[in-house]
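Me: I am new to this structure and would like to learn how to read it, beginning with the surface and the overall build and then turning to one helix. Could you take me through it step by step?

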Amino acid sequence: MVHRTILHNGKIREATEASLFPGQLGLLAGWGIFSTLRVVAGELFAWERHWARMSRDARLLKVAMPADPARVECDLLRLVESNGVRDCTLRLVVVRNGGGLWEGPSSGLASDTIALTADLKQWGEGVQLGIQPHGRYAASDFTRAKILSWAENLRWAELAHEQGFDEVILLNEFDRVAECTSANIFAVFGDEVFTPPLGDGCLPGITREILLEEIDLPGVRINERSMKLDELNEADEIFITSTTRNLLPAREIAGHAVYRRGNVCERLSRAFDGWLRNDIARRRQAPVAI
């Protein structure tokens, strides 16, 4: 459930207060970008990485981003303070306002910036995964962008829940593993850990990025590699990653149990938690300056 106040174009408003407009193209057509951040002890985890990804996606979709990321960060921290929840999930959205047949009167800005917070979801100790063929079109320029046109993902997740699963593995047009509806996927083979490359149609998740670029676990190598579904059946461990889940082991794929052999996921999870704590500690020591 969304918390009591939201951020809209730099102003804190009641969530029930009308502040959007009919004919606002980004809402009608899903023309905009977003990111989901984790708020830890009142700080925005990996904020710079989220902003960098949103900026890349905005250039691809020609969405006008706010000019000053430090000001946006300050506004987001004001929102967290307003809602009085120091550990939560935060959704940041930039909505394009102009273009197209159904364009209408709006705020007068090229885009609207909106942010909302909500309680952290409890994901449990493991995840049961279904399978969705042709869930990603890897050749598309927009597959790797986190855009507001999210209905497919929501419906696939809903179908997974209806079938008794927690999430679903999306395959691309070549029957290769891409990702889940809101998470990246990793497979462990001995001392090697693989995740699909971006060219196979997955989003560049922030947790995925940190594991690939920042986590150095002795004796373990983390790389990108294309994988077919039957290869997952041979994996020692499988886990999914996202900003709100961190690392979450898979217990089942399409009704078949995943038998965990080894503790690489557990070790990586501890290393990631340490990186998260260090990032939050760094932010406390360097307050936002605008």
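**From the surface to one helix**

Reply: In this predicted model, the protein exposes about 13,800 Å², and carbon and sulfur atoms supply 52% of that area.

Me: What share of the 290 residues is buried?

Reply: A residue is called buried when its relative accessible area is under 20%, and on that reading buried residues make up 51% of the 290 in the protein.

Me: How does the radius of gyration fit with a compact globule?

Reply: The idea is to set the value beside what a compact globule with the given number of residues would have, and because a globule of 290 residues would come near 19 Å, the protein's 19 Å agrees with it. Along the principal axes, the C-alpha atoms fill a box of roughly 55 × 45 × 30 Å.

Me: Which helices and strands are there, in number, and how far along the sequence do contacts reach?

Reply: The protein has seven helices and 15 strands, and among contacts between residues at least 6 apart in sequence, 74% join residues at least 24 apart.

Me: How should I read helix α2, and what covers its buried residues?

Reply: One can begin with its span: α2, residues 47–61, has 15 residues and reaches 21 Å from its first C-alpha to its last, close to the 21 Å expected. Its buried residues include W47, W51, M54 and L61, and also R49, R53 and D57. Among the elements that cover the buried residues of α2 are β3 (32–40), α3 (69–83), β5 (88–96) and α7 (264–285). After α2 comes K62, whose phi is positive, near 55°.

Notes
Residues numbered from 1 in each chain as written. Predicted model: local features only at pLDDT ≥ 70, side-chain atom pairs only at ≥ 80, totals over all residues. Heavy atoms only, no water. Helix = DSSP H or I, 4+ residues; strand = E, 2+ residues; numbered from the N terminus. Expected span 1.5 Å × (residues − 1). Buried < 20%, exposed > 50% of the residue type's maximum accessible area, 1.4 Å probe, protein only. Contact = heavy atoms within 4.5 Å. Rg over C-alpha atoms; globule rule 2.2 N^0.38 Å. Areas by Shrake-Rupley, 256 points an atom, 1.4 Å probe, with all protein chains shown as cover.
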